[in-house]
Structures are given as C-alpha cells and as structure tokens.
Amino acid sequence: MGKVIEMDAERLQGSNGDRLPRRLGDSRSNAPLAFDEGRPHLGAALVLPGEPDQVAVMRRRIRSRTTGRSPETDAVVLLASELFTNSLRHSRSGGPGGEVTVAVFKLPGRYQIRVTDQGPRESGEDDSFPHLRTLDPLSEGGFGLRLVANEASRWGTIHEDGRTTVWFEIDRVSPALGS
C-alpha cells in the first residue's frame with residue numbers, strides 16, 4: 001500500500017515568479033517548478049511500490065485529487081501512467097524493493113504532476129535519463145515521453161540526489177460563464 005503525504009506546496013517553491021515556459025525542449029535542463037507567490041497550495045504525494053499493478057492505484061488517487069472526469073483529468077491520468085510505467089521500465093524503481101513517488105498539485109489554472117523514480121539503472125548507457133527518442137514507427141516503445149511532450153502544456157526533467165523527476169503541467173480550461 002502506498003503512503004499519502006499532504007504537503008504545503010510553498011515548501012517546494014523554487015521560482016522567482018518568472019513566467020513559466022510553454023514547453024521545455026531540452027529534457028536535460030532543470031526546469032522551473034513554480035507556484036504562484038503568496039498563495040498556499042496543497043498537494044498530495046503518493047509513494048508506491050515499483051510494481052505494474054500499482055498504476056491502477058495511482059490513477060484512482062489522481063482522479064480523487066482532480067475534478068474526476070474531465071478532458072484535463074483524463075490527460076493527466078494518461079500522461080502520469082506513461083511516466084509511472086517508464087519509471088518501472090527504465091529505472092531502479094522497477095527492481096526489487098523499488099518505489100515511485102507521484103505528486104499531484106492543483107494550482108490556479110493548471111495541474112502539475114511529478115513522477116520521481118530512484119534513478120537510472122547501473123547499465124552505463126547514455127540513454128539513462130529521460131529524453132525524446134528519434135521517432136521510429138516500427139518500434140514497440142519509445143512513445144510515452146513523446147506523448148507527454150505533445151499533450152502537456154509544459155514538461156521537463158530534474159536529476160538530483162540520484163533520483164529522476166519527470167514533471168508536466170496540464171492547463172485547466174475555465175468553464176464557460178453562464179452555461
């Protein structure tokens with residue numbers, strides 16, 4: 001069973017208030033994870049065992065922290081599922097005793113999701129950090145991060161303390177007034 005940790009998002013604030021980039025193209029960059037200053041925001045982090053059946057637990061938890069059934073929530077769930085699966089497949093989180101942390105933040109006008117794994121496997125490969133691969137339509141894999149890049153409003157990666165976080169944001173559509 002995963003652990004749910006409520007946290008004050010201001011503790012995680014790392015921005016100087018600059019406008020967020022539309023989309024990050026260089027996945028090796030430490031992209032800003034920014035919050036609006038002066039407004040406390042609560043988020044939830046779920047620490048799950050690195051096992052494939054835990055993706056269903058993660059999906060339910062994300063739906064409970066967002067608006068349930070909406071195009072934005074469906075996109076958030078799909079992209080988070082892709083990143084969770086990538087963590088299992090490409091990092092130490094998919095090994096014995098591995099864990100994946102998924103944090104969900106409902107911020108003004110957007111959702112922010114962070115999927116943190118236990119870092120690359122000790123394979124010595126140059127492919128050890130998340131990045132967009134050359135598109136190969138005959139390949140059975142390599143489409144998950146491309147899906148994130150195409151569907152997210154903003155996304156990026158952070159590598160620190162041996163862990164890898166892939167984050168993305170989905171802008172929320174304001175409901176039409178008077179409908």
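Two strands are said to pair if DSSP finds at least two bridges between them. In this predicted model, strand 4 and strand 6 (residues 163-171) meet that condition, pairing in the antiparallel sense over 8 bridges. Within this pairing, Val115 has Val166 of strand 6 as its bridge partner.

On strand 4 there is also a pairing with strand 3 (residues 99-107), which runs antiparallel to strand 4 and is joined to it by 7 bridges. Strand 3 and strand 4 form a hairpin with 2 residues between them, and in that turn Gly109 has a positive phi of about 80 degrees. Leu107 is the residue that stands opposite Arg110 of strand 4.

How many of the residues of strand 4 are buried? Of its 8 residues, 8 are buried, and the strand is thus described as mostly covered. Arg110, Gln112, Arg114 and Thr116 point one way from strand 4, whereas Tyr111, Ile113, Val115 and Asp117 point the other way. On the side of Tyr111, the ring of this residue has the charged end of Arg172 sitting over it, 5.1 Å from the ring centre.

Arg114, which is found in strand 4 (residues 110-117), deserves a careful look. Arg114 is buried yet has no salt bridge, and the nearest side chain of opposite charge, that of Glu169, is 7.2 Å away. A salt bridge requires a side-chain nitrogen of Lys or Arg within 4 Å of a carboxyl oxygen of Asp or Glu.

Glu169 counts as buried at 0% relative accessibility, and Arg154 counts as buried at 8%. Arg154 also forms a salt bridge with Asp171, where the closest N and O atoms are 2.5 Å apart. Asp171 lies in strand 6 and Arg154 in strand 5, so this pair ties together parts that are 17 residues apart in sequence. Arg110, Arg154, Glu169 and Asp171 are linked in a network of salt bridges.

The structure holds 4 salt bridges, one of which joins the side chains of Asp74 and Arg63 at 3.1 Å, N to O. Asp74 lies in helix 2 (residues 71-90) and Arg63 in helix 1 (residues 54-65), so the pair ties together parts 11 residues apart in sequence.

Technical notes: Residues numbered from 1 in each chain as written. Predicted model: local features only at pLDDT ≥ 70, side-chain atom pairs only at ≥ 80, totals over all residues. Heavy atoms only, no water. Helix = DSSP H or I, 4+ residues; strand = E, 2+ residues; numbered from the N terminus. Buried < 20%, exposed > 50% of the residue type's maximum accessible area, 1.4 Å probe, protein only. Lys, Arg positive; Asp, Glu negative; His and termini not counted. Lys NZ or Arg CZ within 6 Å of the ring centre and 35° of its normal.
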